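Dear colleague,

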Amino acid sequence: MHGGRLREAVKRFGRPLEEWIDLSTGINPNGWPVPAVPPSVWARLPEDDDGLEMAAERYYAASGALPLAGSQAAIQLLPTLRPPGRVGIPEVGYREHAHAWHRAGHRVISLPDGDPGGRLDDGSEHERLDVLVVINPNNPTGRRWPVATLLDWHARLAARGGWLVVDEAFMDATPDESVLPYLGRPGLVVLRSLGKFFGLAGARVGFLFAEPELRERAAHALGPWTLSGPSRWIARLALEDLAWQSAMRAALPSASERLAERLGRRGLTPAGGTALFQWVLTPQAEHFHERLCKQGILTRLFAQPASLRFGLPGCEAEWERLEHALGALDGH
């Protein structure tokens, strides 16, 4: 279900943990450099007036940021905030969306390529979607939807009380493609995360953006102290580090292009990707995954469709090991 299950691979393949390169997660391997957390931050309960919300609103250029324990917390919460209905979710994408809506009693409708087609306003009342979930850019396919398309979908849903939920976990490298500038419209919900671009997945920090009434309902359901004090402290500083963010927006796309080129040179031309990963469709995905694991390189294997997601190596030594491992795949 997730990347990052490195210890499972260690047990299965018998290679020590320190000898692995984990390319399975799509997380920035050179994340924001976390300084030592002051003892006072550990000793006090989290406080809402510590500046985190203000830092988030400046970074995202959007008001009403609701901090929570990663966008995963929002994914699990949102289905509980409306009556059971019909929810369109990309057929290929982060599977926790479908699990959460199904678990809350909704009818999950799988959408090929994430396109709702005529399910927004055509057909019978029993076939139209009440909620559309868009992962933009998609994980793992890298598919992007234009802002104009998303706003059109939102308008058609909102006209009858529906929601458009946009998961922008991988949007930070391309902020101009975000729908955050259009917040405040009823039924437009946006999820953001510090896990990917900032490389802070372990801090478990994300934000939910929505119209005030829905935001307040979500905050009430979450209760107090949704984030630990140290996570709030780290997140605020990371969101305020404009120089680091600018450097990453230049470096990550270049590294991803380099990865795509290296994969293509070995006959694994990506079918899609983002600034943080490349996605390779191949019927031999499981075979290649196993071969790479035997060389201490963990990728993310998908069964349907058969494919591999490659994250970015973090240093030149890792790039060289990946190049060597890919070369060993020649001849299969």
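Strand 10 and strand 13 (residues 307–311) pair in the antiparallel sense through 5 bridges, and within this pairing tryptophan 279 stands opposite arginine 309 of strand 13. Strands here are DSSP runs of E of at least two residues, numbered from the N terminus, and two of them pair if DSSP finds at least two bridges between them.

Please bear in mind that this is a predicted model, in which local features need pLDDT of at least 70 and side-chain atom pairs count only at pLDDT 80 or more, while totals for chains, interfaces and linings use all residues. Residues are numbered from 1 along each chain as its sequence is written, and side-chain values use heavy atoms, with hydrogens and water left out.

Strand 10 also runs antiparallel to strand 9 (residues 272–274), to which 3 bridges join it; the two are connected by a hairpin through 2 residues, and threonine 274 has phenylalanine 277 in strand 10 as its bridge partner. Because 4 of the 5 residues of strand 10 (residues 277–281) are buried, the strand is largely enclosed by the rest of the structure, where buried means under 20% relative accessible area with a 1.4 Å probe, protein chains only.

With kind regards

Methods. Buried < 20%, exposed > 50% of the residue type's maximum accessible area, 1.4 Å probe, protein only.
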